[in-house]
Amino acid sequence: MADLAHGKPGAGAALSGGHGAASRRDFLTIAGNAIAAVGAACVAWPFIDSMNPSADVLAAGAPVDIDLSHVQPGQQIVVLWRSRPIFIVNRTPDLLKTLQDTKDISLLSDPDSDVLQQPGYAKNWNRSIQPQYLVLVGICTHLGCIPSFMPQANSVSPGWLGGYFCPCHGSRYDLSGRVYSGVPAPYNLPVPPYRFVSKTVIRIGENPPDGGDFSLDSIEQI
Amino acid sequence: MSGTPSTVRTNNRLVKWIDTRLPIFSFMQDAAMDYPEPRNLNYWWNFGSLAGIMLVIMIVTGIFLAMQYTPHVDHAFNSVERLMRDVNYGWLLRYLHMNGASFFFIVVYIHIFRGYYYGSYKEPRELLWMLGVLILLLMMATAFFGYVLPWGQMSYWGATVITNLFTAIPVIGNPIHTWLLGGFAVDNPTLNRFFSLHYLLPFVIAGVVGLHLIALRQHGSNNPLGIAVKGPQDQIPFHPYYTIKDMFGLGVFLIIYAIFVFELPNALGDPQNYIQANPLQTPSEIVPEWYLLPFYAILRSIPDKLIGVLAMFAAIFILFLLPWLDTSRVRSSYFRPIHKWVFWLLVIDVVALGTVGAHRPEGAYIVVGRIATFYYFLHFIVLLPLIGWFERPLPLPESIAAAVTKKSGVPSASAQPGAAE
């Protein structure tokens, strides 16, 4: 009776049926352990899920409306949406001109915004819906610092046309949030989903009616 | 390979490699598989491991709850409501923790009464018992601190009443009271320190549980017969015999626990605690959680503030002296014709105290409370020493093996592992 072998102290069940055909005990052991593993996963899930954003946090991430009529030409305002800083810049024609400087474009890492860091409706030379208004998530794609707004020419280094400079590790972006090559940040600054609800009011967190279902969850990196 | 080769039974070479350098696998094998236990442990011996599992459940759920909780008088109550409504599975974590406290005490009280019935505190296990009483005290403190955190009416007024116990101390009582609260009444500093201590104490309990287990391993488990193990014929390995017995008991226990968590989550709590703390209004009746009621009844039964407080603490501290108050040399009440019945008098007495503690001190409850309080101390201070002297115990069996094989009708010479030398 092999089943009684475990009566001897120390001879564990795990040792029986080690060689040869799988025994009834092997089957029961594996089935029992498999059920236990499923049970453990079921118990673990509520604990893991409790750390995900709660209903109140998600509700606080609802779209916000911003009135742009108070933003002066050349000025940047920063608003919070989903606990993140959103940069909104009223770009003057002079500032927009820097985005088309061919010499400067050659220094950019992703000048055509090929990496998914913006909705389709902002994948253009100015990375916005209306070129005048830039809307960005103000978080450096390197390690999450907030880049400084440096619109003045030569304010960061000689030849600087205006853009963003991250004080943490020196990453640089132009005035549409496109990252320069040779800096630690790998990607352009993200553009959040937004749309114009009137001529001067934008709603951050909502795509235009024909703008698809872009969300920040799908981008390469925030 | 030089040195001691691994004794772990496995064909897995990685396990062997690790175990030769860091013998964690052979430690687990020795402690949880091969460890010899008396062969006659009954289901009352499940409650030690159940208590350990409850401690783990309380610590794990508590850590996740602390991620959502705000220990501030302006936010604590609302953060608990947010936990119940907005946090994913927050209701589950909280109900597991809330009811877990009750079930932890159920398990531990049964564990204590088991130890009392079978004389598990007697020489040489006195320190094992005393460490257990220390764990009970720490659990009570932890439960009290935890009950304050939701900042409901019972939290606030419970904290007020319990901390006021210290004002009964002559001369230094009032300064101690102020020091404990960090103010002149229960307020934000009190809540902050109670949260800190509520997080700390479970780990202190875990440490004392470690000492409890070291003391247990020194002389092994007691058993229902209360006689010492005389050799391998009296023992069976922990695995698979007691692993499977513990697992089965755990399954039954978890079913009952789950019924409360999912179907009766507030049955053991007080509805007053869903009203936010109001320092200007005392609820019409203040009662502690059920597991503290017997001691609360003793406090209220004595019409003097200082003596009442002393009696309440004495009711717990007297358990430290149990190994010396019980003068009988026979451990198990199975062989003690008088104590066997007196044991049940104590059980009834504690239940009566608990009932009294849950009711307003009026009429019959006052009388019953005083009689039960009197009996509680009479039991330990007078009856227990006397019974030990006068009682004539039944003859003890010669060994565990002899007793269990005779009872089950199996001839002792056949088929019993280790019987034939």
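The side chains of A:Arg203 and A:Glu206 meet in a salt bridge, with 3.5 Å from N to O; the term stands for a side-chain nitrogen of Lys or Arg within 4 Å of a carboxyl oxygen of Asp or Glu. The model is a predicted one, in which local features need pLDDT of at least 70 and side-chain atom pairs count only at pLDDT 80 or more, while totals for chains, interfaces and linings use all residues. Residues are numbered from 1 along each chain as its sequence is written, chains are lettered from A and ligands numbered from 1 in the order in which they are written, and side-chain values use heavy atoms, with hydrogens and water left out.

A:Arg203 is partly exposed at 22%, and A:Glu206 is partly exposed at 25%. The two residues also belong to a network of salt bridges that links A:Asp65, A:Arg195, A:Arg203 and A:Glu206. Over all chains, the count of salt bridges comes to 13.

B:Asp34 and B:Arg9 are joined through their side chains by a salt bridge of 3.0 Å, N to O. This pair links distant parts of the chain, 25 residues apart: B:Asp34 is in the loop between helix 2 (24–33) and strand 1 (36–38) of chain B, and B:Arg9 in the segment before helix 1 (13–21) of chain B. Helices (H or I, at least four residues) and strands (E, at least two) are DSSP runs, numbered from the N terminus. B:Asp34 is partly exposed, with a relative accessibility of 22%, and B:Arg9 is partly exposed with 31%. Another salt bridge, at 3.8 Å from N to O, brings together the side chains of B:Glu285 and B:Arg360. Here the partners are 75 residues apart, with B:Glu285 in the loop between helix 10 (238–263) and helix 11 (293–301) of chain B and B:Arg360 in the loop between helix 14 (339–357) and helix 15 (364–390) of chain B. B:Glu285 has a relative accessible area of 29% and is partly exposed; B:Arg360, at 40%, is partly exposed.

Turning to the aromatic residues, the whole structure holds 39 aromatic pairs over all chains. Rings of Phe, Tyr and Trp (its six-membered ring) pair if their centres lie within 6.5 Å; planes under 30 degrees apart count as stacked, over 60 as edge-to-face and the rest as tilted. One of these pairs, A:Phe87 with A:Tyr164, is stacked, at 5.2 Å centre to centre and 10° between the planes. The pair links strand 3 (residues 84–90) of chain A, which holds A:Phe87, to strand 6 (residues 163–165) of chain A, which holds A:Tyr164, and the two residues are 77 residues apart. A:Phe87 is buried at 2% relative accessibility, and A:Tyr164 is buried at 0%. In chain B, the rings of B:Phe103 and B:Phe260 have centres 5.3 Å apart and planes at 65°, so this pair is edge-to-face. B:Phe103 lies in helix 5 (residues 90–117) of chain B and B:Phe260 in helix 10 of chain B, so the contact ties together parts 157 residues apart in sequence. B:Phe103 is buried, with a relative accessible area of 4%.

One aromatic cluster in chain B includes B:Trp45, B:Phe113, B:Tyr116 and B:Trp344. The charged end of B:Arg114 sits over the ring of B:Trp45, 4.4 Å from its centre, where such a contact requires NZ of Lys or CZ of Arg within 6 Å of the ring centre and within 35 degrees of the ring normal. The charged end of B:Lys340 sits over the ring of B:Tyr334, 5.6 Å from the ring centre.

On a 1 Å grid over the protein atoms alone, a cavity is a set of points where a 1.4 Å probe fits but cannot get out, and a pocket is an open set with protein on both sides within 12 Å along at least five of seven lines; lining residues have an atom within 4 Å of a point. Grid points are joined across faces, edges and corners, and a volume is the space filled by probe spheres set on the points. There are three cavities of 30 Å³ or more, and the largest cavity has a volume of about 170 Å³. It is lined by 17 residues, with B:Phe144, B:Tyr147, B:Gly158, B:Ile162 and B:Pro288 the closest to its centre. Helix 7 of chain B gives the largest share of this lining, six residues. The largest pocket has a volume of about 1,500 Å³; among its 47 lining residues, B:Gly48, B:Ser49, B:His111, B:Leu213 and B:Leu216 lie nearest its centre.

Conventions
Buried means under 20% relative accessible area, exposed over 50%, partly exposed in between (1.4 Å probe, protein chains only).
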